[in-house]
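Please keep the sequence and the 3D view at hand while reading.

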Amino acid sequence: MTTRRVLVVEDDLTIAESVAARLRAEGFEVVLAHDGPTAVERAHDADLVVLDVMLPGFDGLEVCRRVQARRPVPVLMLTARGDETDLLVGLAVGADDYLTKPFSMRELAARVHALLRRVERAVSASAARIALADLEIDLAERRVLRGGEEAHLTPTEFELLVHLAERPRAVQSRERLLNEVWGWQEGTGTRTVDSHVKALRRKLGADLIRTVHGVGYALEVPKVVSS
């Protein structure tokens, strides 16, 4: 199996080296960057990015925007404890998951493995494509089209959409989505689900996902208006 490359972007050298050491011990190839411009430059061939918000040059949110605009790559955002604004903005610009500082290296390694498993999940030949009216999802090529127009989704946005599309009209709780899409056992990250649903609506249309207040979300089969 090809060794996965992880880009660690952190301006605190002590934290950066600690994260790099743990990920190398987990079998990853690790590349370091300590500022925004260098991070964007070195992200071109990364399989995953561990990204701090506060960086010299430009911040991690701008790094995330630029990296995701170039190609979808899983991003694990590192945020200061209680900094909810950075968290929500980070998820909105394409981060897939987050950890608040201080964090354990064991938890960080678990999150990295979970993100990569999500991206690498095998697609069965019998379900290589999902088509619901004008929504088309190619699971093998990880492409999404709505009305013939391709949408640029992050890896986690794609996985969330597939999970909802596999059970159209079925209401799924935020806690269930956290468990089955993100692999989180506890239901404390419901804002993560909300932010990703908001991103899907922005990219694919507000009519696609229905909110069931106090419960969760359901994917509605799109209505196609005939000419």
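Two strands are said to pair if DSSP finds at least two bridges between them. Strand E4 (residues 75–80) and E5 are joined by five bridges and run parallel, and within this pairing Leu78 has Leu99 of E5 as its bridge partner. The model described here is a predicted one, and its values are computed from that prediction.

E4 and E5 belong to an open sheet of five strands, in the order E2-E1-E3-E4-E5 and with parallel pairing. Strand E2 (29–33) and strand E5 (97–101) are at the edges, where each has a single partner strand, so one side of each remains without a neighbour in the sheet. On average, and with direction ignored, neighbouring strands of this sheet are turned by 20 degrees against each other. Helix H1 (residues 13–25) lies across strand E1 (5–9), E2, E3 and E5, and its direction makes an angle of about 165 degrees with E2.

Is Asp52 buried or exposed in the model? Asp52 has a relative accessible area of 5%, and because residues under 20% count as buried, Asp52 is classed as buried.

When its neighbours within four places in sequence are left aside, Asp52 is in contact with Val9, Glu10, Asp11, Gly60, Leu78 and Lys101. Among these contacts is Leu78, the residue whose bridge partner in E5 is Leu99.

In soluble globular proteins, nonpolar side chains tend to be buried together. The largest nonpolar core of this model has 50 residues, and Leu51, Ile137 and Leu161 touch the most other members. Helix H6 (residues 155–165) gives the most to this core, contributing six residues. A second, separate core has 19 residues, including Val19, Ala20, Phe28 and Leu78.

## The three-stranded sheet

Another open sheet has three strands in the order E10-E12-E11, with antiparallel pairing. Its edge strands are strand E10 (172–173) and strand E11 (209–212), each of which pairs on one side only. E10 and strand E12 (residues 216–219) run antiparallel and are joined by two bridges, with Gly216 in E12 as the bridge partner of Ser173. Helix H6 lies across E10, E11 and E12, and runs at about 75 degrees to E12.

## Helices H7 and H8

The axes of H7 and H8 come within 9 Å and cross at roughly 80 degrees, which means that H7 is roughly perpendicular to H8. On the side of H7 the contact is made by Arg174, Glu175, Leu177, Leu178 and Trp182, and on the side of H8 by Thr190, Thr192, Val193, Asp194 and His196.

The loop between helix H7 (174–182) and helix H8 (190–204) contains Gly183, which is partly exposed, with a relative accessible area of 45%. Although Gly183 and Arg111 are 72 residues apart along the chain, their C-alpha atoms are separated by 8.8 Å.

Technical notes:
Residues are numbered from 1 along each chain as its sequence is written. This is a predicted model: local features need pLDDT of at least 70, side-chain atom pairs count only at pLDDT 80 or more; totals for chains, interfaces and linings use all residues. Side-chain values use heavy atoms; hydrogens and water are left out. A nonpolar core is a set of buried Ala, Val, Leu, Ile, Met, Phe, Trp, Tyr and Cys residues joined through side-chain atoms within 4.5 Å. Buried means under 20% relative accessible area, exposed over 50%, partly exposed in between (1.4 Å probe, protein chains only). Helices (H or I, at least four residues) and strands (E, at least two) are DSSP runs, numbered from the N terminus. Contact means heavy atoms within 4.5 Å. Axes are lines fitted to C-alpha atoms, for helices over the stretch in contact, and angles run from 0 to 180 degrees between N-to-C directions. Angles under 35 degrees count as roughly parallel, over 145 as roughly antiparallel, 65 to 115 as roughly perpendicular and the rest as oblique.
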